[in-house]
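Subject: Structure handover and what was found in it

Dear colleague,

Please find the structure below, with its sequence.

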Amino acid sequence: ALIALTVEKGYEAVTIRDITERADIGYATFFRHYRDKDELLEGVLDVVKAELIDLLCPATVGIDPTAIGVLLFRYVQEHSEVVRVLLGSHTLLPRLIEVSSQNIVNDHTPLPESTVPLEIAAHHIVTSTISLIQWWLDHQMPYPPERMGVIYHELITRPTSEVAFCP
């Protein structure tokens, strides 16, 4: 209910009364679980943030990056409203970037002769991917997730991996 209302009205305009009416729950019930709408939003976005972190830096190195991209863009397509809210959050987005970048650093070995430091390559992959997701959402997802997976690999993961990461 919060996400749908945020998309419709903007987060600041949404009231707890709006949320409880849309969700068909009692006003007092809301306060048994959350202090305010910010705490509710943080809970919803934390789940999405964790899932996006897993997709942005999969634990298994060696998986086809195009397949990872397809999974990522399918997820974004299925959760587009929540992802839009997350990408618009000035408090949660930096944390998503920080954690995802650090996970990539932890999971990769730098190329010894690379002029690109590992932490910069990781930050580049994460922020470029977020930018590509944002473009896709802003343009009403004009290409299917399968094509976006290829684009993700060709524009972001392949070139960065070639200059910064050991195979």
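From the N terminus on, the elements run α-α-α-α-α-α-α-α-α, which makes nine helices and zero strands in the protein; helices (H or I, at least four residues) and strands (E, at least two) are DSSP runs, numbered from the N terminus. Please bear in mind that this is a predicted model, in which local features need pLDDT of at least 70 and side-chain atom pairs count only at pLDDT 80 or more, while totals for chains, interfaces and linings use all residues. Residues are numbered from 1 along each chain as its sequence is written, and side-chain values use heavy atoms, with hydrogens and water left out.

Overall dimensions and burial

The C-alpha trace spans about 60 × 30 × 25 Å along its principal axes. Of the 167 residues, 41% count as buried, where buried means under 20% relative accessible area, exposed means over 50%, and partly exposed lies in between (1.4 Å probe, protein chains only). Among contacts (heavy atoms within 4.5 Å) with a separation of 6 or more, 65% are between residues 24 or more positions apart.

The nonpolar core

A nonpolar core is taken here as a set of buried Ala, Val, Leu, Ile, Met, Phe, Trp, Tyr and Cys residues joined through side-chain atoms within 4.5 Å. The largest one has 47 residues, of which Leu52, Leu72, Phe73, Val76, Val83, Leu96 and Ile133 touch the most other members. At least two residues of this core are supplied by each of helix H1 (2–9), helix H2 (16–23), helix H4 (37–56), helix H5 (65–78), helix H6 (80–87), helix H7 (92–107), helix H8 (118–138) and helix H9 (145–164), and H8 gives the most, with ten residues. Valine 83, leaving aside its neighbours within four places in sequence, is in contact with Val48, Leu52, Tyr75, Val76, Ile133 and Leu137.

Just after H2, aspartate 24 takes a positive phi of about 60 degrees. Isoleucine 25 is found in the loop between H2 and helix H3 (27–33) and is partly exposed, with a relative accessible area of 37%. Apart from neighbours within four places in sequence, isoleucine 25 is in contact with Thr20 and Phe30.

Salt bridges

With a salt bridge defined as a side-chain nitrogen of Lys or Arg within 4 Å of a carboxyl oxygen of Asp or Glu, the count comes to seven. In one of them the side chains of glutamate 146 and arginine 74 meet at 2.8 Å, N to O; glutamate 146 lies in helix H9 and arginine 74 in helix H5, so the pair ties together parts that are 72 residues apart in sequence. Glutamate 146 is partly exposed at 38% relative accessibility, and arginine 74 is partly exposed at 35%.

Two further bridges lie within single helices. The side chains of arginine 95 and glutamate 98 meet at 3.1 Å, N to O, and these residues, three apart in helix H7, are separated by about one helical turn. Arginine 158 forms a salt bridge with glutamate 162, the closest N and O atoms being 3.5 Å apart, and both residues lie in helix H9, four residues apart. Arginine 158 is partly exposed at 31%, whereas glutamate 162 is exposed at 53%. Glu154, Arg158 and Glu162 are linked in a network of salt bridges.

The second largest pocket

On a 1 Å grid over the protein atoms alone, a pocket is an open set of points where a 1.4 Å probe fits, with protein on both sides within 12 Å along at least five of seven lines, and lining residues have an atom within 4 Å of a point. About 180 Å³ of space lies in the second largest pocket, the volume being the space filled by probe spheres set on the points, which are joined across faces, edges and corners. The lining consists of Tyr11, Glu12, Asp38, Leu41, Glu42, Val85, Ser89, Thr91 and Leu92, and H4 provides the largest share of it, three residues. These residues divide into four nonpolar, two polar and three charged, with Ala, Val, Leu, Ile, Met, Phe, Trp, Tyr, Cys and Pro counted as nonpolar, Asp, Glu, Lys and Arg as charged, and the others, Gly among them, as polar.

With best regards
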